[in-house]
Amino acid sequence: MRIPPYYKRPGWQRFLAGVIIGTLIGWCIFLYQFGKVHEEMVVELGKNELQIEQLQRNLESLREREQEETNGDDFIIEEISIVFENEDESRLSELALYDIEQQAKEELEHLLDQELESVAENRELLVRTIENKRYPSNDYEYNLIVHQVTLYRTLELHVEVVPVSDD
């Protein structure tokens, strides 16, 4: 008994070629989808790690404030919020924007638990501090231009992200 010579039949050749090509196309689609999901998970993991660090610092600050038992009538800065006005035009990734935001918040972290009046008196210094620093992200450096500062229990900054030009 011998195996029939399938290599002489064009129908079998087409079938086997189709199986091989279909397998390769399926593998390419799998790799693309896996890479896309993996990239989203890396971005989400990076965000979560930065947020955990920020929340731990806030927890320490709240514990210190609780120990001091400040008077409830005082207005103090409890939170820092940064809003990017040119988020779409800058074409930066979500992770890069989040990284720049966290760096700017770290720069202003000393203002947490400060009285509102003292922060308002030094508002120009606050703006210059943010605008004169370079924020590295993804092998590039960026500057922030402050357009609006809102002071209340939340310090809110409306900023524009501008890449640093090498002169």
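Analyst: The area buried between domain 1 and domain 2 is about 1,000 Å². Carbon and sulfur atoms give 53% of that area. Buried area here is the accessible area (1.4 Å probe) that two parts lose on being put together, summed over both. On the domain 1 side, Lys47, Leu50 and Arg65 supply 48% of the area buried against domain 2, more than any other three residues.

The model is predicted: local features need pLDDT of at least 70, side-chain atom pairs count only at pLDDT 80 or more, and totals for chains, interfaces and linings use all residues. Residues are numbered from 1 along each chain as its sequence is written, and side-chain values use heavy atoms, with hydrogens and water left out.

Now the two partners. Domain 1 spans 10-71 and domain 2 spans 76-163; the bounds come from an automatic or database domain assignment. Their C-alpha centres lie 27 Å apart. Domain 1 puts 10 residues into the contact and domain 2 puts in 11, where contact means heavy atoms within 4.5 Å.

The largest pocket draws on both sides. Domain 1 and domain 2 each give at least three residues to its lining. The pocket holds about 220 Å³ of space. A pocket is an open set of points on a 1 Å grid over the protein atoms alone, where a 1.4 Å probe fits, with protein on both sides within 12 Å along at least five of seven lines; lining residues have an atom within 4 Å of a point. Points are joined across faces, edges and corners, and the volume is the space filled by probe spheres set on them.

Of the 14 lining residues, Gln54, Asn58, Glu79, Ile80 and Lys105 are the closest to the centre of the largest pocket. Helix H1 (10-68), strand E1 (79-84) and helix H3 (94-107) each supply at least two lining residues. Helices (H or I, at least four residues) and strands (E, at least two) are DSSP runs, numbered from the N terminus. By class, this lining has 5 nonpolar, 5 polar and 4 charged residues. Asp, Glu, Lys and Arg count as charged; Ala, Val, Leu, Ile, Met, Phe, Trp, Tyr, Cys and Pro as nonpolar; the others, Gly among them, as polar.

The second largest pocket has about 150 Å³ of space. Its lining includes Leu108, His110, Gln114 and Asn122. H5 gives the largest share, 3 residues. This lining has 5 nonpolar, 5 polar and no charged residues.

Finally, the record. An unreviewed UniProt entry marks residues 12-32 as "transmembrane region". That stretch is 100% helix, with its end C-alpha atoms 30 Å apart.

Definitions and conventions: UniProt positions renumbered as here; feature names shortened; annotations may be inferred.
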